[in-house]
Every structure is written in structure tokens, then in C-alpha cells.
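This report describes selected local features of one protein model. The sequence and the structure come first, followed by a discussion by topic.

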Amino acid sequence: GAFAKSTLLSAPSGKLMLVFSSSALVGQPATSSSAAASHRSRGFAATFSADCPPLKLGKNVIVAQGQQAAMTGAKFGQQLTYTCPRGQEFANGQLKLHNECQLGGKWTLARVPNCQERYCGPVPQIDNGFAINATGVTFNQTATYKCYNGFNLASGRQTETITCLESGVWGKLPECYSTSCPPLKEIPYARQLVLAGSGQTRSYGTVLRFECEPGYQRVGVPTLLCTSTGTWSSQPPECVRAQCRNVPQI
């Protein structure tokens, strides 16, 4: 006829008998329009194929819902879809695989690889800090970080931990910021000189020196250092009026 139709027949016993009937006889003239149409038809074609054998799956492989029955032996043309559990991927790096029973009873994939934990790559490095511990580099494993002396985590904690996510990437990396010392009260009659670092941010390593105005003398240490703990190395000095202790005799 004008439309090609296909039918899939299965014989679990291995034996199949087909009987075809046709009203069109080759070599005889067409006596009607329907007979003429039959003469112009393409006839039929039959393809025989064995079923595909059961396929051994890799570790943790999941077969799509509704396709489990085909695991004991699939018919020609049947398709299967495989996935892995959350946070895992196939050993070839793919997240989903498709398999089809082809002509001759052969699968397009002769072997379905194992599922394995997703790999996030090496433990990342961070600025002004370092990893002090890592349980691994695959899904759900963690890495713990600490800042160098003079730097603090934005959270205020001593350490922060990140996790290898199911998408195969590490979680947000911690950030280490330079430690700052508290602002100093203004010292009357004193000048503040910045010998190192920044006097405005008062970050770790800043060195301040104090000089008194003429007529005043310093009491206390001349320099202060902003330490790695965020505290000044000493109390700031004072400038007191200079006094002449020994009055010269005339």
C-alpha cells in the first residue's frame, strides 16, 4: 500500500512461522484500481535477529524505571538507559549512558562501566592561607583551611571546611584577610610616624613611631607593632611637659 508498516514479532521458543497472503498476483494484469495499487506496492521484507543476551552491569549502575525487565534479555530494537547514584559518575566521566539491542543480538555497549564518586580535582590553594587537612578529593569529602599568621578568616573562626559537591566542584573557598589592630587614641603633643605598613588600615606588620613636640618628652616605648594576633605590641607612650630638674647655680 501507500504506507509502510513494521511489526516486531518475538519468539521466546526460538521458532517462528510466518504466513503471508496477497491478492496481487505477479504477472497477471490488474483488473481493478485496487489490484493496480497492489501491483505498485513494494511488497514486504523480513529481518530476523536473535535477542540480546543479559548484560552485566558495573558497580552501582541504575537502570531507568520501567526498563528493568529487559535486563534478562532484550529484544531487537529495545533501548536501555543507565545512570549513577547522586554524587557519582561513570568511570568514563559521563553521567548517563544509552544502550540498544542491535541486529544480530549485539548491544551497542558491550560493557557498562562502574559508577564511581565524582572527582573534584586537587585540593585548591587559597591566598594567605593553606589546607591543614583533607579527607579526599571526591564527592562528600572535605578539605580544611587555616590562615597564615597575620590573617584571619572572614567568618572569625580558626578554621573553615569546604566539601566536594555532587556537581564535581569544590564548595566556596574561604578567604583570609589581613589582621587589623584597633585604632589608637590621639596622644596630646605627639606626632605619629608610619615606619612600615599603613597607618590608616593598621594591618598586621604596621610599625608606628611617636615623637613629642618641642618642650615635651616621651614616656614609654617609642614604637608600636601591629602583631599577628591583632593587638599592639605595647601601650602607646605619652608626651609630658619637659622639666628642668637641676637648676644651675650662678
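## Threonine 206 and its surroundings

The side chain of threonine 206 reaches the backbone oxygen of serine 203 at 2.8 Å, a polar contact in the sense of a pair of N or O atoms within 3.5 Å, where within protein one must be able to donate a hydrogen and the other to accept it, and residues adjacent in sequence count only if both atoms are side-chain atoms. Threonine 206 lies in the loop between β12 (190-196) and β13 (207-212). With 1% relative accessibility, threonine 206 is classed as buried; the classes are buried under 20% relative accessible area, exposed over 50%, and partly exposed in between (1.4 Å probe, protein chains only).

## Basis of the model

The model is predicted, and local features need pLDDT of at least 70, side-chain atom pairs count only at pLDDT 80 or more, while totals for chains, interfaces and linings use all residues. Residues are numbered from 1 along each chain as its sequence is written, and side-chain values use heavy atoms, with hydrogens and water left out. Helices (H or I, at least four residues) and strands (E, at least two) are DSSP runs, numbered from the N terminus.

An open sheet of three strands runs in the order β12-β13-β15, with antiparallel pairing; two strands pair if DSSP finds at least two bridges between them. Its edge strands, each pairing on one side only, are β12 and β15 (223-225). Neighbouring strands of this sheet are turned by 25° against each other on average, direction ignored; the axes are lines fitted to C-alpha atoms, for helices over the stretch in contact, and angles run from 0 to 180 degrees between N-to-C directions. Three bridges join β13 and β15 in the antiparallel sense, and valine 207 stands opposite leucine 225 in β15.

An open sheet of four strands has the order β1-β2-β4-β5, likewise with antiparallel pairing. Strand β4 (residues 96-102) pairs with β5 in the antiparallel sense over two bridges, and glutamine 102 is placed opposite lysine 106 in β5.

Glutamine 88, in strand β3 (residues 88-90), is buried at a relative accessible area of 13%. Its side chain forms a polar contact of 3.1 Å with that of glutamate 117. Not counting residues up to four places away in sequence, glutamine 88 touches Asn60, Leu95, Cys115, Gln116, Glu117 and Arg118, contact meaning heavy atoms within 4.5 Å.

Asparagine 60, one of these contacts, is found in the loop between α1 (33-40) and β1. Asparagine 60 has a positive phi of about 70° although it is not a glycine. Most residues other than glycine have a negative phi.

## Salt bridges

The whole structure holds five salt bridges, each being a side-chain nitrogen of Lys or Arg within 4 Å of a carboxyl oxygen of Asp or Glu. Glutamate 166 and arginine 86 form one, with the closest N and O atoms 2.9 Å apart. This pair links distant parts of the chain, 80 residues apart: glutamate 166 in the loop between β10 (160-163) and β11 (176-178), arginine 86 in the loop between β2 (79-83) and β3. Glutamate 166 is partly exposed at 39% relative accessibility, whereas arginine 86 is exposed at 59%.

Arginine 209 and glutamate 211 meet through their side chains in a salt bridge (2.7 Å, N to O). A network of salt bridges links Arg209, Glu211 and Arg218.
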